Amino acid sequence: MRHQLRPLFDRIVIKELEPDRMRQSGLLVPPGTNEPPPQHGIVLAVGPGLDWWAQAGVAMPVSPGDHVVFPASAGAWVEVDEERLLVCRVGEILGVLEPVEPGAHPDHRDEDSTTQG
């Protein structure tokens, strides 16, 4: 029988993607740096959030299928049906990778509004 891990509270379940050591430029990045690089993964399951979130109007910022980046130190690794999964709090996620249309510019804050003068 196959199992599915259902996260509780503000936790999420992530399946790690294999690290891509080949960059678009063709440069092969060797392993062995002192600090492990951020990891990439796909969100498989999302908990319901914390009980006070609904009262504050806070929703879970990720959903199943999102491609996320997380630090190597995030959460706890578990094995379910011989599959290695990460269970971590949503606050440990560094961000969600979203596709950008060719020729489109990612959203950036207006630099003039952040400077005082």
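Predicted model: local features only at pLDDT ≥ 70, side-chain atom pairs only at ≥ 80, totals over all residues.

Tutor: Residues are numbered from 1 along each chain as its sequence is written, and side-chain values use heavy atoms, with hydrogens and water left out.

Student: How do you know that β4 and β5 pair?
Tutor: Strands are DSSP runs of E, at least two residues long, numbered from the N terminus. Two of them pair if DSSP finds at least two bridges between them. β4 and β5 (residues 83–89) have five bridges, in the antiparallel sense. In one of those places, V80 has E83 in β5 as its bridge partner.

Student: What is the strand order in the open sheet, and what makes β4 and β6 edge strands?
Tutor: The six strands run β4-β5-β1-β2-β3-β6, with antiparallel pairing. β4 (76–80) and β6 (95–97) each have a single partner strand, so one side of each is left without a neighbour in the sheet. The twist averages 45° from one strand to the next, using lines fitted to C-alpha atoms and angles from 0 to 180 degrees between N-to-C directions.

Student: Why is the contact of R2 and D81 called a salt bridge?
Tutor: The rule asks for a side-chain nitrogen of Lys or Arg within 4 Å of a carboxyl oxygen of Asp or Glu. For R2 and D81 the closest N and O atoms are 3.9 Å apart, so the pair passes. R2 lies in the segment before β1 (11–16) and D81 in the loop between β4 and β5, so the pair ties together parts that are 79 residues apart in sequence.

Student: How many salt bridges are there in the whole structure?
Tutor: The search finds five. Among them is E83 with K15, whose closest N and O atoms are 3.1 Å apart. E83 lies in strand β5 and K15 in strand β1, so that pair links parts 68 residues apart in sequence. R2, K15, D81 and E83 are linked in a network of salt bridges.

Student: Which residue does the side chain of D10 meet in a salt bridge?
Tutor: R89, at 2.7 Å from N to O. D10 lies in the segment before β1 and R89 in strand β5, so the pair ties together parts that are 79 residues apart in sequence. R89 counts as partly exposed, at 37%. Leaving aside neighbours within four places in sequence, D10 is in contact (heavy atoms within 4.5 Å) with residues including G49, W53 and C88.

Student: Why is the pair of W52 and W53 called edge-to-face?
Tutor: Rings of Phe, Tyr and Trp (its six-membered ring) pair if their centres lie within 6.5 Å; planes under 30 degrees apart count as stacked, over 60 as edge-to-face and the rest as tilted. The rings of W52 and W53 have centres 6.2 Å apart and planes at 80°, so the pair is edge-to-face. W52 counts as partly exposed, at 46%, whereas W53 is buried, at 10%.

Methods
Helix = DSSP H or I, 4+ residues; strand = E, 2+ residues; numbered from the N terminus. Buried < 20%, exposed > 50% of the residue type's maximum accessible area, 1.4 Å probe, protein only.
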